[in-house]
Amino acid sequence: MSVSRKKGIDYWLPKLVVSPTLVIALVFFYGFVLWTTFISFTNSSFLPSYDLVGFDQYVRLFMNPRWLNAMWNLVVFGVLFIGICMVVGLVMAILLDQNIRAEGAIRTIYLYPMALSFIVTGTVWKWLLNPTVGIEKFVISLGWDSFIFDWIIDPDMAIYTVVIAGVWQASGFVMAIFLAGLRGIDTSIIKAAQLDGANLFAVYTRIIIPSMRPVFFSAFIMLAHIAIKSFDLVIALTGGGPGNSTDVPAIFMYQFSFQRGQLGIGAASAVIMLMTVLAILVPYLYSELRTPKNG
Amino acid sequence: MAELKIDNVYKSFGEEHILKGISLDVTDGEFIILVGPSGCGKSTLLNCIAGLEDVTTGDILLGDTNVTYEAPKDRDIAMVFQSYALYPNMNVRKNIAFGLEIRKMPKAEIAEEVARVAKLLQIEPLLDRKPSQLSGGQRQRVAMGRALARRPKIYLFDEPLSNLDAKLRVEMRTEMKKLHQRLGTTIVYVTHDQIEAMTLADRIAVMKGGIVQQFGTPQEVYDDPANMFVAGFMGSPSMNFLRCEVTKQEKDYAVQIESQGTIFQLPVDPKQADLSSYVGKTVVLGIRPEQITHVMPHLVAEQYITQVPVKIEVTEPTGADTLVLARINDQECECRVHPQEAGKVGESMELLFNMSKAVFFDEQTEARL
Amino acid sequence: MAKSKNPSYANINGRAVLYAVLIIVAAYYLLPLILMIVTSFRSMDEIRMGQLIEWPKTFSFDAWTMAWSEVQIGAREERGLRPYFINSILMVIPSVAISTILGALNGYVLSFWKFRGSELFFAALLIGCFLPFQAILLPQSQLLGWLGLSGSLVGLILTHVVYGVSFTTLFFRNYYVNLPHELVKAAKLDGAGFWVIFFRIILPLSAPILVVTVIWQFTQIWNDFLFGVVFSDPSTQPVTVGLNNMVNSSTGEKQYNVDMAGAIIAALPTIVVYVVAGKYFVRGLTAGSVKG
């Protein structure tokens with residue numbers, strides 16, 4: 001007769017099975033972030049050094065005009081990219097929700113860009129937007145001699161080309177999410193509103209869109225995440241140029257860490273990027289956890 | 001086959017106390033039912049017996065083995081779940097054989113067992129089908145078959161009939177009773193349906209709030225409830241509870257009721273309760289609808305039967321009889337009369353109150369007097 | 001499915017405008033792809049004399065053979081995108097397999113064998129879905145160097161597995177949570193243990209989520225550029241890096257047709273997967289999102 005709790009294999013095995021992943025999380029997520037943060041407080045250059053220099057690297061970072069430009073670009077790109085994607089996605093979702101024939105085919109067409117690598121997207125749009133061979137030349141050849149569309153080589157406008165390519169890639173995805181959200185709305189609420197006399201426009205603006213709040217948040221979070229990480233797209237499309245005009249934090253970090261041998265600043269820039277992501281994520285998670293969910 | 005002993009079992013989930021000191025003895029071959037409202041802890045208790053949950057304190061003994069800390073598979077128990085939990089990717093035959101294969105029974109023996117069980121439950125034609133191809137009743141039988149094939153010491157049933165439609169439920173209830181009579185197995189069965197409990201059980205444990213309120217035979221629980229909860233829970237339509245004042249009538253005691261302005265004294269059978277300390281106070285009179293009937297001449301003169309005229313508020317014909325809702329002591333009272341004797345709403349009719357089975361409860365504690 | 005039907009949209013004009021808009025937008029999405037395909041079949045002479053955006057006068061496969069096995073990329077001796085393509089395959093298959101298996105096991109434990117701290121573990125793991133990888137590039141390259149895996153395929157595979165396991169675990173766990181738990185209870189009572197339940201009961205029921213996860217991981221890893229460019233050396237670079245190098249190495253005139261052919265080569269596997277199993281791909285994309 002056993003009096004103590006028998007801890008058979010079924011007690012240890014589950015823990016054993018997830019332990020590799022636990023190690024992964026501890027080392028590769030938390031451990032690495034801590035290491036990077038630590039390095040950002042040192043004077044590491046080509047190789048990591050462990051001599052602490054306080055906030056020096058951060059000061060250097062924010063005094064670097066290239067970094068400030070990169071952050072600004074991120075803001076511009078982020079706001080436009082997220083904003084346009086959300087609007088386009090929402091409008092397209094609403095349109096697709098109107099009982100369209102061949103809806104499946106259309107959805108497939110809208111969504112396929114998301115299956116492509118950002119490098120591929122950047123490559124294609126690079127040529128499309130190239131004034132000497134792409135759209136500008138094409139439109140001119142149609143007879144509109146004075147058509148100019150040379151944003152991609154214009155330092156002031158180049159960042160907007162990144163927006164164009166990014167929106168092309170991601171808006172279909174946003175549309176798919178919004179469509180799923182629209183479809184998840186209880187029809188009886190809509191019917192009640194229609195009985196109350198609301199027309200289609202009112203139904204959309206007063207009932208459907210407000211009840212899609214969680215979906216909007218999800219889409220926003222994902223788009224923000226894509227925007228902050230954007231590296232591939234810019235590299236392929238403009239290489240960060242012309243000059244440094246389309247520089248973004250991710251490129252700055254890569255170049256300073258792996259090409260210029262300035263690990264300290266590189267680490268600092270990485271930490272700033274992480275903080276930015278957290279600044280968006282944490283309030284979102286907090287509000288998600290606070291509001292009681294259905295069920 | 002063995003006896004089951006649950007010894008002072010407590011079970012908490014953190015700060016939430018689900019089971020608060022459960023002690024039950026089940027003898028070999030008994031059909032025990034745990035019944036109670038949702039949240040009373042009956043399913044948790046069943047899971048503890050099965051070993052799917054650990055008890056916080058207390059012991060569970062199977063036969064003379066303390067299985068409190070044994071894994072489910074070592075307890076020699078079989079369970080039938082509310083959703084049947086048949087393995088969707090296996091056909092019926094494999095579903096039944098699964099547990100036997102795990103126990104490394106030789107293939108020939110497994111085939112024999114499957115055949116035996118299939119014959120017993122009449123599911124032979126279904127053996128090669130998958131669960132998705134079976135009806136609700138068929139799935140239920142396969143689930144039972146899976147349990148029977150294991151020939152365990154105890155069978156546990158967790159609301160197995162709840163997912164069936166009403167008619168099928170009644171049919172399966174009878175089947176289950178027949179099966180138990182035939183096999184003589186020890187069964188612990190959970191349900192929230194008190195009719196199922198009454199018809200199937202050898203003994204019923206009525207639970208509420210993690211405590212066994214009463215543990216007895218169906219008739220005991222019905223006629224002799226331990227408290228107001230048990231009295232009100234068992235029986236459908238449920239027992240009437242009337243608050244009345246206790247009065248002293250010469251040698252006996254009575255409770256006072258008022259109907260349509262007139263006062264009547266209902267005599268209290270001293271075998272049912274001793275109300276001597278409650279004279280002048282209010283007690284709760286528990287009387288079942290079938291004890292309040294239309295006037296049957298041969299009963300009128302019986303000792304504990306009183307004739308009272310009442311005003312009919314609502315009638316509910318059920319076919320076999322008609323339930324009449326009357327107002328007594330300014331409280332609602334359900335009475336059962338013959339359909340042809342029932343009056344119309346608004347009218348007055350004479351009823352006989354049979355006090356020989358009446359029970360009494362303390363107004364505050366709800367305990368049985 | 002919720003559809004709001006309102007009489008004012010049933011009229012012909014409204015519907016016509018609706019379809020027109022949808023078709024225009026569809027054209028906007030399709031044009032770049034069509035351009036890529038079309039351009040890849042033209043010869044440079046044509047492009048020089050005519051337009052980038054034009055229907056080919058002659059069909060030639062020259063650009064394709066160039067892109068695949070002839071064009072010089074950087075200073076590599078081997079020609080064409082083929083070696084990069086092969087690298088991608090060698091990298092993707094183990095990465096997808098390992099991260100999926102880990103995700104399935106983790107999801108299994110987190111759904112059916114919960115223990116104290118398991119939910120906390122899950123939450124802590126989810127951070128991997130949101131981490132900007134810049135925050136780990138430096139330490140990871142240090143670690144790979146220390147392990148002697150710098151620039152190796154194994155190092156790349158390790159990286160992809162480590163940073164993919166958060167997603168795969170999320171997918172499987174959310175799927176398993178919706179399976180009836182009584183199945184596992186019944187199996188435990190039948191005497192089945194941890195592994196038997198996984199292989200004989202849960203795994204057979206996992207086909208839908210397996211497909212979603214494999215497609216998602218395949219797409220993410222195949223299309224990755226950042227890890228490919230940071231953690232590989234010239235002999236192990238994946239096709240995304242190869243494409244970028246090919247397009248951006250300016251030796252002489254830009255061969256647009258070769259670039260386009262190269263882009264299609266790089267994109268082909270994920271597009272094929274999308275076309276064939278797109279339904280599951282969408283499910284994967286929206287799996288974490290609508291619930292948040």
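Trainee: Which residue of chain B meets the side chain of Asp190(C) in a salt bridge?

Mentor: Heads up, this is a predicted model: local features need pLDDT of at least 70, side-chain atom pairs count only at pLDDT 80 or more, and totals for chains, interfaces and linings use all residues. Side-chain values use heavy atoms, without hydrogens or water; residues are numbered from 1 along each chain as its sequence is written, and chains are lettered from A and ligands numbered from 1 in the order in which they are written. A salt bridge needs a side-chain nitrogen of Lys or Arg within 4 Å of a carboxyl oxygen of Asp or Glu. At 3.4 Å, N to O, the partner of Asp190(C) is Arg150(B).

Trainee: Which residues of chain C lose the most area to chain B?

Mentor: Start with buried area, the accessible area (1.4 Å probe) that two parts lose on being put together, summed over both. Chains C and B bury about 1,700 Å² between them, with 63% of it on carbon and sulfur atoms. On the chain C side, 42% of what is buried comes from three residues together: Leu189(C), Asp190(C) and Arg200(C).

Trainee: How many residue pairs are in polar contact between chain C and chain B?

Mentor: A polar contact is a pair of N or O atoms within 3.5 Å; within protein, one must be able to donate a hydrogen and the other to accept it, and residues adjacent in sequence count only if both atoms are side-chain atoms. With both residues at pLDDT 80 or more, the count is eight.

Trainee: Which element gives the largest share of the side of chain C that touches chain B?

Mentor: Helices are DSSP runs (H or I, at least four residues), numbered from the N terminus. Two of them in chain C, helix 8 (182-189) and helix 9 (194-202), each give two or more residues to that side. The largest share, seven residues, belongs to helix 8 of chain C.

Trainee: Is Arg173(B) buried or exposed?

Mentor: Arg173(B) sits in helix 5 (residues 166-183) of chain B. Leaving aside residues up to four places away in sequence, Arg173(B) touches Leu161(B), Ile195(B), Glu196(B), Thr199(B) and Leu200(B), a contact being heavy atoms within 4.5 Å. The cut-offs are under 20% relative accessible area for buried, over 50% for exposed and partly exposed in between (1.4 Å probe, protein chains only). Because its relative accessibility is 16%, Arg173(B) counts as buried.
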